[in-house]
Amino acid sequence: MPHEWDSPEYVHQWVEDGDKSDPQRAEQITALVGLIRRSPEEPIEVLDLGAGYGIVTREILTAYPNAQVVCLDGSAEMLKHGKARLADWRDQLSFVVSNFDSPNWLATLPDNRQFDAVLSSRAIHHTVDDRKQALYEEIFQLLKPGGCFANHDFVRKPDESVRDIDNPFGTVEDQVAWLENIGFVDVECFWQTEGRALFGGYKSGPT
Ligand SMILES: C[S@@+](CC[C@H](N)C(=O)[O-])C[C@H]1O[C@@H](n2cnc3c(N)ncnc32)[C@H](O)[C@@H]1O
């Protein structure tokens, strides 16, 4: 069934079920945020791509209490839940409704901001593989030296055929190679299990 991110009922149900759907979810989100190579007190700037109801942003703000986070999502409904859940940190947050399937999303970011980290969880797999590669290049341009891009997402197993036109799911090996070709360093798949992986890399420079 296709996702209905603009439907209040669908989004409400997804948020209700979201934390329960995977017993390893909390651990994976902690591992994702743990890839940022900055000191905990630094006022880092982070982009949560496909932020949804804010589970990744909450972890970022817990680990980096002085962080400023841009929560970007194509669904205004999802961001409504994010705003409510993250109300305690409102002064450190910007919410942007934007679709990263088109390069126009770059113009929706606050004032030419560069980021110490761009993190994403379970969002980019919805994007077709050609566009995914272009998106990874755009993310690379947004990173400060030493900045990190990490994605915890669904991936296709090497022996699995493409599932369907809406979910082409490149393999993690493909995606790691794309990141290396773009110029990311220390690229790795940090964790992988049945059809899900945590992978990413860094822009060279001081950390
Ligand atoms: C499965 S939810 C994950 C939300 C959150 N990152 C998490 O881990 O719980 C996927 C989110 O990605 C957003 N999304 C999917 N494709 C998108 C796109 N092309 N541009 C912006 N947001 C997108 C959806 O609106 C949705 O909120």
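1. Let's start with helix H1 (residues 8–18) and helix H4 (residues 76–85), which pack at about 45 degrees with their axes 9 Å apart. That angle makes H1 oblique to H4 (angles under 35 degrees are roughly parallel, over 145 roughly antiparallel, 65 to 115 roughly perpendicular, and the rest oblique). Helices here are DSSP runs of H or I with at least four residues, numbered from the N terminus. Axes are lines fitted to C-alpha atoms over the stretch in contact, with angles from 0 to 180 degrees between N-to-C directions.

2. A word on the source: this is a predicted model, where local features need pLDDT of at least 70 and side-chain atom pairs count only at pLDDT 80 or more, while totals for chains, interfaces and linings use all residues. Residues are numbered from 1 along each chain as its sequence is written, and side-chain values use heavy atoms, leaving out hydrogens and water.

3. On the H1 side, Pro8, Val11, His12, Trp14 and Val15 meet Glu77, Met78, His81 and Arg85 of H4 (contact means heavy atoms within 4.5 Å).

4. Helix H2 (residues 25–33) and helix H3 (residues 55–63) pack at about 55 degrees, with axes 9 Å apart. H2 is therefore oblique to H3. Arg25, Ile29, Thr30, Leu32 and Val33 of H2 touch Ile55, Val56, Glu59, Ile60 and Ala63 of H3.

5. Now the ligand: of the 20 residues around it, Arg25, Gly50, Asp73, Asn99 and Ser121 come nearest (a residue counts if one of its heavy atoms lies within 4 Å). A ligand nitrogen atom is 2.7 Å from a polar backbone atom of glycine 50, and a ligand nitrogen atom is 2.9 Å from an N or O atom in the side chain of asparagine 99.

Methods
Helix = DSSP H or I, 4+ residues; strand = E, 2+ residues; numbered from the N terminus. Polar contact = N/O pair within 3.5 Å; in protein donor to acceptor, adjacent residues only side chain to side chain.
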